[in-house]
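Student: I have a protein model open and would like to go through it step by step. Can we take the whole chain and then its parts?

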Amino acid sequence: MIRLSPALGPLTPRQRWRRARLQAYSWTLTGAYRLGALHPAIWRMVARGYHPALDWVAARHARVACQFAAVDVPAYRHFLRAHGAERARGLADFPETTKQNYAGAYDEASRCQEGRLHRPGVIVDESSGSSGKPYNWVRGPRELKGIYRNAAGYIELVFPGKRLFVINAYSMGAWATGTTTGAAMARIAMVKNTGPDLDKIADTLEHFGPGYDYVVAAYPPFLKHLRDRLDEAGFPWREYRIRGMVGGEGMTEALRDYLEERFEEVRSGYGASDLTIGMGAESGFSVRLRKRLATDQRLRDLLLGPGEQRLPMIFHYNPLETFLEVNADGELLCTINTKSCLQPKLRYNVGDEARLRTLADVRRALGDDEYARMWTDERMNLPLLFLFGRKDSTISYMGANLYPQDVEYGLYQGNPYAAAIHRFCLSLEELPGLEYRPVINLEVRGEVDERALAEICRKGVVAHLSAVSRDFAESLKEDPTAADLRIRVFGPGEGPFAGLTKMKNVYLVKDA
């Protein structure tokens with residue numbers, strides 16, 4: 001695919017004057033945000049003292065970011081002209097950008113401020129390629145410093161400790177999460193960048209001993225592999241204080257419960273290579289709220305919409321830095337407000353389905369007494385992002401949508417064979433008569449009774465889907481054969497798992 005490379009070109013006197021005014025306004029707000037993240041203690045104060053009145057400031061800054069890019073970013077100028085939006089003024093007047101219509105249509109330099117890419121301190125990251133072809137994303141030194149400050153402030157708030165030792169188990173290649181996490185954590189903790197190496201992590205814990213407040217940063221499935229590996233080795237968990245920080249993909253409460261049988265607590269963050277690292281993060285309150293949503297249909301109806309059966313992840317986010325919207329299709333749009341963003345992200349649609357709620361919304365839905373009982377020590381006063389995940393990550397079956405997270409619940413909840421499951425993916429199998437059945441493909445390690453594993457997994461998934469999906473439960477009543485979910489068990493690197501080298505799991509495959 002040939003990508004466009006428009007140049008900025010000469011600006012008219014009016015455009016230069018407009019650019020100067022918008023730049024001064026944007027840098028003033030960016031400077032204020034930077035002061036708020038200058039030290040973890042100040043970051044905590046801002047997170048705890050955020051007032052809903054600041055939402056208006058955040059929305060105005062998002063509009064200014066779009067207006068400034070319209071005169072300063074060559075690709076965005078060309079993009080607006082192509083969409084007939086040159087005279088856009090309100091935020092909603094600016095068209096959505098996506099990987100397809102913007103990031104993939106224009107080259108890296110033309111998407112930068114002033115059309116200038118090459119400068120000292122720029123870091124090039126690569127997306128994991130989980131949605132297809134990997135993309136390159138560039139970040140400037142000022143932008144990276146802001147990301148580091150935010151990540152460090154969050155870790156100190158959620159994982160307090162006098163002797164913090166972060167074991168960074170994310171991939172250490174060109175992927176954004178691994179290198180960024182290591183650099184950010186070095187501001188407030190001792191750090192070892194082991195990468196996803198189980199033996200290195202086990203050796204590190206044994207070598208340095210139990211005298212530290214450990215935080216292991218990893219993808220959720222890898223944290224499960226670590227728990228299972230240490231259990232096999234007879235690791236003395238009770239002597240250590242180990243907590244988990246995960247990101248990169250969603251996590252079910254069933255997996256969190258399994259991990260927290262060993263880890264003191266596990267918290268998740270939300271980001272995207274396309275946008276920025278650490279757009280949102282969990283607190284004790286958001287975790288309690290999610291567990292409550294799992295069992296309270298009334299609360300789900302109030303916060304997520306009538307009849308909503310899915311259970312989203314819940315993150316706090318700061319609108320002053322990442323202004324979020326939800327479009328008419330329920331998809332998340334993000335505008336990075338800070339002027340320090342080398343490649344401005346403007347009403348960018350990454351493909352995630354979501355809802356947005358203020359803490360006041362949640363408080364009204366819960367009632368004051370219940371809200372007070374659920375409040376935790378972090379006391380983050382930031383609004384909440386209810387994230388369902390990628391809109392296309394489902395398999396349709398018998399009129400119901402099957403989500404990987406719902407399948408994961410069924411696989412791990414109360415399963416005595418959970419430790420044997422390395423990972424899973426979903427596919428569809430065509431039967432005689434053009435009938436289809438979903439297939440849950442399991443990659444297992446070690447000796448295991450495959451028949452017993454398959455049967456308990458099938459029963460667990462059917463039971464969970466029946467409980468959370470009205471469509472599936474209704475299909476089961478009308479046609480008991482709907483319970484005929486196929487389970488395929490494979491050894492390491494066999495079947496659909498052959499040749500998979502990505503650290504992030506691939507949950508949907510066409511051919512198993």
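## Questions on the model

Student: What share of the contacts with a separation of 6 or more comes from residues 24 or more positions apart?
Tutor: The model is a predicted one. Among contacts in the protein with a separation of 6 or more, those between residues 24 or more positions apart account for 71%.

Student: How many helices and how many strands does the protein have, and what percentage of its residues is buried?
Tutor: The secondary structure comes to 17 helices and 19 strands. A residue counts as buried under 20% relative accessible area. Of the 512 residues, the buried part is 54%.

Student: What part of the accessible surface belongs to carbon and sulfur atoms?
Tutor: The accessible surface of the protein is about 22400 Å². The part that belongs to carbon and sulfur atoms is 52%.

Student: Which element has the lowest mean pLDDT?
Tutor: The protein averages a pLDDT of 85, and 88% of the residues score at least 70. At the top of the elements is strand β7 (residues 241-246), with a mean of 96. The lowest mean, 64, belongs to strand β15 (residues 395-397).

Student: Why is helix α15 described as largely enclosed by the rest of the structure?
Tutor: Helix α15 covers residues 404-412. Its buried residues are Pro404, Asp406, Val407, Glu408, Tyr409, Gly410, Leu411 and Tyr412.

Student: Which glycine follows α15, and what is its phi?
Tutor: The glycine that follows α15 is residue 414. The phi of glycine 414 is positive, near 65°.

Student: Is valine 407 buried or exposed, and which residues does it touch?
Tutor: Valine 407 is found in helix α15. Its relative accessible area is 2%, so valine 407 is buried. Its C-alpha lies 8.7 Å from that of valine 462, at 55 residues apart in sequence. Not counting residues up to four places away in sequence, valine 407 touches Phe424, Leu426, Ile440 and Val461.

Student: At what angle do the axes of α11 and α12 cross, and how do the residues of their contact divide?
Tutor: The axes of helix α11 (residues 284-295) and helix α12 (residues 297-304) come within 6 Å and cross at roughly 115°. On the α11 side the contact is made by Leu289, Arg292, Leu293, Ala294 and Thr295, and on the α12 side by Gln297, Leu299, Arg300, Leu303 and Leu304. The residues of this contact divide into six nonpolar, two polar and two charged.

Student: Which residues are in contact with leucine 356, leaving aside its neighbours within four places in sequence?
Tutor: Leucine 356 lies in strand β13 (residues 348-357). The C-alpha atoms of leucine 356 and tyrosine 317 are separated by 9.9 Å, and the two residues are 39 residues apart along the chain. With neighbours within four places left aside, the contacts of leucine 356 are Tyr317, Leu324, Glu325, Val326, Leu332, Leu384 and Leu385.

Student: Is threonine 181 buried or exposed, and what does it touch?
Tutor: Threonine 181 lies in helix α7 (residues 176-185). The relative accessibility of threonine 181 is 13%, so it counts as buried. Not counting residues up to four places away in sequence, threonine 181 touches Asn168, Tyr170 and Ala217.

Student: Where is arginine 347, and what is its phi?
Tutor: Arginine 347 is in the loop between β12 (331-336) and β13. It is buried, with a relative accessible area of 8%. Its phi is positive in a residue other than glycine, near 45°.

Student: What is the phi of arginine 379, and how does its accessibility count?
Tutor: Arginine 379 is in the loop between α14 (368-374) and β14 (384-390). Although arginine 379 is not a glycine, its phi is positive, about 55°. Its relative accessibility is 41%, so arginine 379 counts as partly exposed.

Definitions and conventions:
Residues are numbered from 1 along each chain as its sequence is written. This is a predicted model: local features need pLDDT of at least 70, side-chain atom pairs count only at pLDDT 80 or more; totals for chains, interfaces and linings use all residues. Side-chain values use heavy atoms; hydrogens and water are left out. Buried means under 20% relative accessible area, exposed over 50%, partly exposed in between (1.4 Å probe, protein chains only). Helices (H or I, at least four residues) and strands (E, at least two) are DSSP runs, numbered from the N terminus. pLDDT is the predictor's confidence in each residue, from 0 to 100. Contact means heavy atoms within 4.5 Å. Accessible areas come from the Shrake-Rupley method with a 1.4 Å probe; for residues, only the protein chains shown count as cover. Axes are lines fitted to C-alpha atoms, for helices over the stretch in contact, and angles run from 0 to 180 degrees between N-to-C directions. Ala, Val, Leu, Ile, Met, Phe, Trp, Tyr, Cys and Pro count as nonpolar, Asp, Glu, Lys and Arg as charged, and the others, Gly among them, as polar.
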